[in-house]
There are 2 protein chains.
Amino acid sequence: GNLKVSNFMFLVILGASTALQQLIQQFSQEQTCTQRYVQLLDKICMLDIVQLHLEYYSRDSEGSSLPEMKAVLAGVHISTFLSIRAFIGKLVGVTVAIVGGLSLGRYGSFVHMSGVIAHQMSYRIKFFQNIGSNYQLRLQVISAAIAAGTCCSAGSPFGGVIFALELTSTYYMMGNMWKGLLCTTAAIITYSLMHQLPFVKPPKLTDFEEYTFNHEIIFFIILGYLCARVGALFIHILTKIIFLRGKLKNPLLLNRWKWCSIVILFISIIQFPLRFLHFPERQVWNVMFNSHQISEVQNGQVWSNPNLELVLLVYCILKFIFIVSSLTLPLPNGIFAPMISFGAVFGRLFDEGIYAVVGATCVYGSVTKTVSIAIIIFEVTGQITLLVPVVIGLSVAYASSQAMTMSIFDVLLEFKN
Amino acid sequence: GNLKVSNFMFLVILGASTALQQLIQQFSQEQTCTQRYVQLLDKICMLDIVQLHLEYYSRDSEGSSLPEMKAVLAGVHISTFLSIRAFIGKLVGVTVAIVGGLSLGRYGSFVHMSGVIAHQMSYRIKFFQNIGSNYQLRLQVISAAIAAGTCCSAGSPFGGVIFALELTSTYYMMGNMWKGLLCTTAAIITYSLMHQLPFVKPPKLTDFEEYTFNHEIIFFIILGYLCARVGALFIHILTKIIFLRGKLKNPLLLNRWKWCSIVILFISIIQFPLRFLHFPERQVWNVMFNSHQISEVQNGQVWSNPNLELVLLVYCILKFIFIVSSLTLPLPNGIFAPMISFGAVFGRLFDEGIYAVVGATCVYGSVTKTVSIAIIIFEVTGQITLLVPVVIGLSVAYASSQAMTMSIFDVLLEFKN
């Protein structure tokens, strides 16, 4: 057989350490996040210091990391991207950024850090030297790390494996799928074990009823198309901002820490009086992905005051602006969690909870050009009853966004290089 | 954009016609199957006539078709494999074989027929000529047909897309995933619409409780390993039989219709007195994939008489023999549904319904070397609560079977050419 003991052990250790690392981090970040003692000026100072630190310490830890991971899988060699420096920079950066209240996802950072673990293990540990010295095997192991990272940030092993596969730019060697799966299994075992600890909250699952096929399907098609439009708009505006910043040569815009301060000041001032913008992303999902009325669920009252539709609409517009502006910052960032929240609220604007699930899937799917998001959403909500609406919405969104824009990963990558 | 109207329409029509074709066929086959008026001699005569008919009419409709589909995707040109003759041969063959009570799956046949529809549409209809004349595009369309076929035979759109992707031998061009998804969506819409008709029974879904992680996980690992062993044994025995038949040069074994008669006689005689072997595969799944005691569910009494464990064990052994012998026949056949039944009963031998689900996934996954089966199983049972046990079992089964044998598709293909 082609299964070496060292490869097997490598994948298991990689999966377990990814789960461990992520759970500890997620837990500590959530703990700090709930203590809302950070004042506006503190925030700006903090983020600026981190930004300066990153500038000199490791520029590789800026940004979403997923575009760079995509480049690594495509065979581009980015020398310092998978270094220990990048790991530490990312860890510090993402923690501070979340405490600072930015609208960003930790998902890309998790995946990046798993990639660093994989890379460093294969180089530094003698037992795994056969992996470090084999180019093909190294790429496979990094792909497995992406799968494990995705698995742990969303609790979705299959979604992770298939996402890692979709991220591989053009051609995927199918024979490696099991490596991702093995690594993910080690990750999900560790992850499940950790969830038994008393201080870790298990994710909340949904309780949608069985979906029966009816005329509503037309609305899912419309929602899918609208999500694709919104996704295209998002990428268009992001491109414009990055392009303009480079072209205007205005020192206020170009200087890294000035730009950082402006954006954070802007976000914080708007966010301050609006309570529905204070929730962590997971809580937004819990409110939106729900078969009940919003006013009936926990934290739901905040959303229906003064008027549910108005609050949802304002949330959508502001979230859109926040995500775009956070993405232009020289800080670690990501789009997974905020984009899902945005999509969920956007869908919920239409009608009940089913639309929130479909909206979240469609927006993320059309922005990133991945279909694995549907499997991730099934695994996050713990239900597959919404299969038919999700499939229909996603395929409409995917096909129409295919004709509109590139994937956000490709766009960001193009600007970096 | 790279989305042509004709491609779009092609995929939608392909998906819809696949769903239509399959549902009609499935329905009519189930209707004939329930009328058990067919006697033993009738059966043998019938199958022999069909076998002779196939021999002269279309040899391409023999076998499981999935290996050949794999070859087509890999770029091998099999001139008559996607002809209308093969379609009709398959249609007649599979219907008769099922009425004849053979242990075979219709899944491969469905996929084959979708492939024929795709191929013929791209050649014969002028509007789609750009697809017929473009080699790459034709392969993509056939891959989409496989996805739609899988989707409709199991009701699993995502499983279908990912299965089509796994079947692609070595490298998969990721940019084509959305074509499969679009085609599958058209298929699932048609499929869901048809399920609204009064005479079509909706599939039964399971009601497992939330799985909490505990020490049981060790048993899932053991089950996964045992399934891989059983899968390897299955492929080993199948290889031996095919090899011996070719080597012995015994006219009784080599002659197509004599061999066919012997096998059918053998299966029918054993099957006759044992009531638990008379159920269609779907009903076996309904009994096994269940959170209740077997004796409590519909049709469950048959299984616990005289003794549950004994019946399950006998079923396993006989089913194993039946599947192997059916695969050697020169008739259309397949392994999906019988293999799932076998795995479910094998898992149920251990303990409750969770083990049946894990067992079915592991056996099929290790025999065919695919992981998409897990997603198909989630979509078939309508639940994703068993995520952790299924992932763990499947990855153990997959990794250990990787070291033991080749995929059954590759084995069968090697014998054909």
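Biologist: At what angle do the axes of α10(B) and α16(B) cross, and within what distance do they come?

Modeller: The axes of helix α10 (residues 217-248) of chain B and helix α16 (residues 353-368) of chain B cross at roughly 40° and come within 8 Å. This is a predicted model, in which local features need pLDDT of at least 70, side-chain atom pairs count only at pLDDT 80 or more, and totals for chains, interfaces and linings use all residues. Residues are numbered from 1 along each chain as its sequence is written, chains are lettered from A and ligands numbered from 1 in the order in which they are written, and side-chain values use heavy atoms, with hydrogens and water left out.

Biologist: Why are α10(B) and α16(B) called oblique to each other?

Modeller: Angles under 35 degrees count as roughly parallel, over 145 as roughly antiparallel, 65 to 115 as roughly perpendicular and the rest as oblique. The axes cross at roughly 40°, and therefore α10(B) and α16(B) are oblique. Angles run from 0 to 180 degrees between N-to-C directions, and axes are lines fitted to C-alpha atoms, for helices over the stretch in contact.

Biologist: Which residues of α10(B) meet α16(B)?

Modeller: Among them are F219(B), F220(B) and L223(B) in α10(B), which meet residues including I354(B) and Y355(B) in α16(B). Contact means heavy atoms within 4.5 Å. By class, the contact of α10(B) with α16(B) has 13 nonpolar, four polar and no charged residues. Ala, Val, Leu, Ile, Met, Phe, Trp, Tyr, Cys and Pro count as nonpolar, Asp, Glu, Lys and Arg as charged, and the others, Gly among them, as polar.

Biologist: What makes α4(A) and α5(A) roughly antiparallel to each other?

Modeller: The axes of α4(A) (residues 84-99) and α5(A) (residues 107-124) cross at roughly 155° and come within 9 Å. That angle is therefore in the roughly antiparallel class. The crossing of α4(A) with α5(A) is left-handed. Its contact residues divide into eight nonpolar, three polar and two charged.

Biologist: Why is α17(B) called roughly antiparallel to α18(B)?

Modeller: α17(B) and α18(B) (residues 387-404) pack at an angle of about 155°, with their axes 10 Å apart, which makes them roughly antiparallel. The contact is made by I373(B), A374(B) and F378(B) of α17(B) and L387(B), V390(B) and L394(B) of α18(B). By class, that contact has six nonpolar, no polar and no charged residues.

Biologist: Which elements give two or more residues to the lining of the second largest cavity?

Modeller: A cavity is a set of points on a 1 Å grid over the protein atoms alone where a 1.4 Å probe fits but cannot get out, and lining residues have an atom within 4 Å of a point. The second largest cavity is lined by residues including F158(A), F378(A), F158(B) and F378(B). The elements are α17 (372-381) of chain A together with α17 (372-381) of chain B. The lining residues divide into eight nonpolar, no polar and two charged.

Technical notes: 1 Å grid on protein atoms, 1.4 Å probe; cavity = no way out; pocket = protein on both sides within 12 Å on 5 of 7 lines; lining within 4 Å. Helix = DSSP H or I, 4+ residues; strand = E, 2+ residues; numbered from the N terminus. Left-handed = near helix turned anticlockwise from the far one by under 90°.
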